Structures are given as structure tokens and as C-alpha cells.
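Subject: Structure for your review

Dear colleague,

Please find below the structure that I am handing over to you. I would be grateful if you would read the notes after it with the structure open.

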Amino acid sequence: MTMRVLSGIQPTGRFHWGNYFGAIRQYIELQHQTPNAFYFIANLHALTTVRDREELAQNTLDAAIDLLALGLDPQRATLFVQSDVPEVSELCWLLLTGTPMGLLERCHAYKDKKERGLPADAGLFTYPVLMAADILAYDSEVVPVGDDQVQHLEVTRDLAASFNHHFGQTFVLPKAKVMPAAARVPGTDGAKMSKSYGNTLEVFEDPKSLRKKIMRIVTDSRPMEEPKDPDSDHLFQLYSLFASDGDRESMAALYRRGGFGYGEIKKALADVAVDYFAAARTRREELAGQPERVRQILADGAARARAKAAEVLDRARRACGLVY
Ligand code: ADP
Ligand code: TRP
């Protein structure tokens with residue numbers, strides 16, 4: 001299969017279990033199915049929220065190190081930083097000139113902020129167009145994303161189709177590959193794990209502080225003897241992310257039988273989670289000591305990505321009369 005796969009992830013903080021099981025793991029699996037997987041660190045998008053120079057720069061490098069440590073293989077997939085491909089920003093302008101205001105007014109990030117009476121800037125408003133440029137710049141066919149990004153994929157298809165209609169066939173229409181809602185990882189309070197809710201467990205959190213956080217996971221206060229339904233319990237859902245089928249089944253049986261304390265399960269969760277990421281943690285330590293090697297991987301990735309983006313941008317420039 002040679003389908004062109006692309007996805008981006010924002011460097012807005014350290015990756016948590018939701019990011020790993022909901023997104024990063026799929027990126028890594030897909031790199032084995034196609035030689036054309038492009039993954040980038042969306043620092044231009046992060047600039048709409050991270051307004052601190054050191055923080056953004058550090059987050060960007062950390063995101064690259066994390067992805068590599070987790071198994072993203074730069075020999076198979078192309079890993080780069082969004083802003084290292086300036087063609088995308090130019091393409092964004094070409095798309096913006098034909099973007100109806102109403103289309104962006106309906107997009108949820110902007111709409112939610114406005115409904116809450118918060119001030120929004122043009123960066124947030126036009127965020128989906130930059131995302132469309134990211135996708136269209138590489139003739140991407142398949143875009144693995146969470147269900148919160150499906151709307152942005154629809155905007156991308158709309159903008160591409162309308163450009164093609166107006167100026168002639170230029171862009172490939174991409175398809176979203178939506179990660180199933182079942183893959184939604186709960187946080188320590190049982191709500192969806194998210195940086196914005198402060199309920200995250202980080203992939204590379206130091207094991208000691210991770211254990212502490214796990215011990216504080218909110219559980220219900222029913223008596224120990226009572227049998228419980230494992231599937232509706234977020235502690236069980238978290239455990240299931242890491243456990244083998246056999247261990248998951250024995251844990252489920254324990255829930256149904258009752259008579260256990262949540263403390264034991266939390267301890268089992270901490271053990272299995274620390275173990276699961278142990279090899280990646282070692283690789284991360286090595287990579288963190290070699291920032292130049294990581295920068296070189298990103299530079300090589302950007303060179304490959306730019307070659308493709310330049311080809312698509314040239315097509316788009318010609319199509320709309322910028323080549324005279
Ligand atoms: P956050 O909500 O913490 O800010 P992002 O919105 O930056 O996370 O998400 C980055 C990627 O991780 C997206 O593809 C998103 O779908 C996925 N993701 C984030 N949180 C979860 C979760 N709790 N469960 C599954 N996937 C998630
Ligand atoms: N908006 C995406 C998110 O917050 C990140 C992103 C930016 C992206 N550009 C993209 C994802 C292009 C897929 C394709 O998760």
C-alpha cells in the first residue's frame with residue numbers, strides 16, 4: 001500500500017496516555033503500512049496558545065524526542081516541524097482568499113470560545129485553514145485524527161473542492177481515519193483525559209510521581225464486598241490499556257466477584273504502566289542526551305516534506321495565476 005498518510009500533533013505540553021493510545025500509537029502502526037507516512041509537530045498551531053518562546057521551543061524538541069522514543073522510525077516515516085515547511089504558510093493564504101467567513105464561524109474551537117464570551121484572535125479563527133494547508137500541501141489521502149478533528153477535515157475537503165472547482169484540479173481530497181470513540185482514554189477523574197482538565201497521566205512521568213497520581217485516581221465509595229461492573233469503571237479502563245488479554249480477564253473477574261480494594265488495582269495499574277513504557281523511557285533518556293541528532297532527524301524530515309510541499313504549492317500557484 002502506498003497511500004499518503006499525514007497527521008500533526010501540537011506541542012502544547014508533554015504527551016499523556018490519551019495522546020499515546022488515542023493518536024501516537026496509530027501513527028506508529030501506520031508507518032509499517034505505507035512508505036508515505038508524514039507526521040509533524042504543529043508548532044504554528046501551538047503558537048495560538050503557547051505564548052512563551054522558551055516553552056514553545058522546548059516543547060517542540062520534547063515532542064520530537066517523545067515520538068522517536070515511542071517508536072516513530074525516521075527511516076520509515078517522515079518526521080518534521082510544521083514551521084520548517086514555509087510552503088504551508090503560503091498555501092494557507094491561497095486557501096484563505098477563498099474561505100467563507102461563515103464556514104469558520106461554525107468551527108467549534110472558535111465558536112465555543114465566542115459563546116463563552118472570551119476574546120478570540122484571528123489565529124484561532126483561521127486555525128482550520130492552516131490545518132487544511134497542512135493536509136493539502138502533501139497530497140495527503142488519509143489523515144488519522146480523533147473525532148474532535150473531523151470537522152476540520154470537512155473544512156479541508158470543502159476548501160480543496162472549491163479551489164479545484166474554481167481553478168481546475170489541483171488538490172487531492174483527503175479522508176479522515178477517525179480513531180474510534182472507544183479508544184477515548186479517561187483521566188484520573190473519569191472524564192476524558194485532557195490537558196485542559198488537569199486530569200492527565202503523562203507517558204514519561206517519573207515513575208514515583210506517576211504512582212502517586214495513580215493512587216489519587218477517584219474511585220466510587222461502595223463497600224469492598226460489593227461486586228462491580230468492570231466496564232463502567234475508569235480504573236479498569238485504564239488498566240485494560242496496558243494489560244494482556246489474560247490479565248484483563250482475571251481483573252474483570254475480580255471486579256465481578258467483589259471483595260477487593262481499589263488500592264490493589266491501582267498498584268497493579270502503576271506496575272503495568274511503568275513496565276509498558278520502560279523501554280521507551282530508556283530510549284528517551286538516550287535521545288535527550290543527543291539533541292543534535294534529533295535536530296538532524298527533523299532537518300532531514302523537513303527536507304523531504306518541503307520537496308513534496310514545493311511541488312504542490314507550484315501547482316496551486318500556477319492554477320490561480322501567480323506565475324506570470
Ligand atoms: P489535549 O486534550 O490534552 O489538549 P490534544 O487535543 O492536543 O490533547 O490531542 C492530541 C491528539 O491526542 C488528538 O489526536 C486527540 O484526538 C488525541 N487525544 C487527546 N486526548 C485523548 C483521550 N483522552 N483519549 C483518546 N485520544 C485522545
Ligand atoms: N489540530 C490538530 C489537533 O489539535 C493538530 C493538527 C494540525 C493536525 N494540523 C493538522 C492534525 C493536520 C492532522 C492534520 O489535534
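Predicted model: local features only at pLDDT ≥ 70, side-chain atom pairs only at ≥ 80, totals over all residues.

Residues are numbered from 1 along each chain as its sequence is written, chains are lettered from A and ligands numbered from 1 in the order in which they are written, and side-chain values use heavy atoms, with hydrogens and water left out.

Ligand 1

Around ligand 1 there are 14 residues, and His16, Val185, Met193, Ser194 and Lys195 are the closest; a residue counts as near if one of its heavy atoms lies within 4 Å. By class, this shell has four nonpolar, six polar and four charged residues. Here Ala, Val, Leu, Ile, Met, Phe, Trp, Tyr, Cys and Pro count as nonpolar, Asp, Glu, Lys and Arg as charged, and the others, Gly among them, as polar.

On its own, ligand 1 has 540 Å² of accessible area, of which the protein covers 84% (Shrake-Rupley method, 1.4 Å probe).

Ligand 2

Which residues come nearest to ligand 2? Of the 14 around it, they are Gln10, His45, Tyr127, Asp134 and Gln149. The side chain of glutamine 10 has an N or O atom 3.0 Å from an oxygen atom of ligand 2. For a nitrogen atom of the ligand, the distance to an N or O atom in the side chain of tyrosine 127 is 2.7 Å, and for aspartate 134 the corresponding side-chain distance is 2.8 Å. The protein covers 89% of the 370 Å² of accessible area that ligand 2 has on its own.

The elements β1 (5-9), α8 (127-136) and β4 (142-145) each supply at least two residues of this shell, and α8 gives the largest share, four residues. Helices (H or I, at least four residues) and strands (E, at least two) are DSSP runs, numbered from the N terminus. By class, the shell has eight nonpolar, five polar and one charged residues.

The cavity

Rolling a probe the size of a water molecule over the atoms shows where empty space is left. A search of the whole structure finds one cavity of 30 Å³ or more. A cavity is a set of points, on a 1 Å grid over the protein atoms alone, where a 1.4 Å probe fits but cannot get out; lining residues have an atom within 4 Å of a point. The largest cavity holds about 40 Å³ of space, and its lining includes Tyr127 and His152. By class, that lining has seven nonpolar, one polar and no charged residues.

Salt bridges

The structure holds 21 salt bridges, each a side-chain nitrogen of Lys or Arg within 4 Å of a carboxyl oxygen of Asp or Glu. One of them joins the side chains of aspartate 245 and arginine 248 (2.6 Å, N to O). Both residues lie in helix α12 (residues 245-257), three residues apart, about one turn of the helix.

Yours sincerely

Technical notes:
Polar contact = N/O pair within 3.5 Å; in protein donor to acceptor, adjacent residues only side chain to side chain. 1 Å grid on protein atoms, 1.4 Å probe; cavity = no way out; pocket = protein on both sides within 12 Å on 5 of 7 lines; lining within 4 Å. Points joined across faces, edges and corners; volume = space filled by probe spheres on them.
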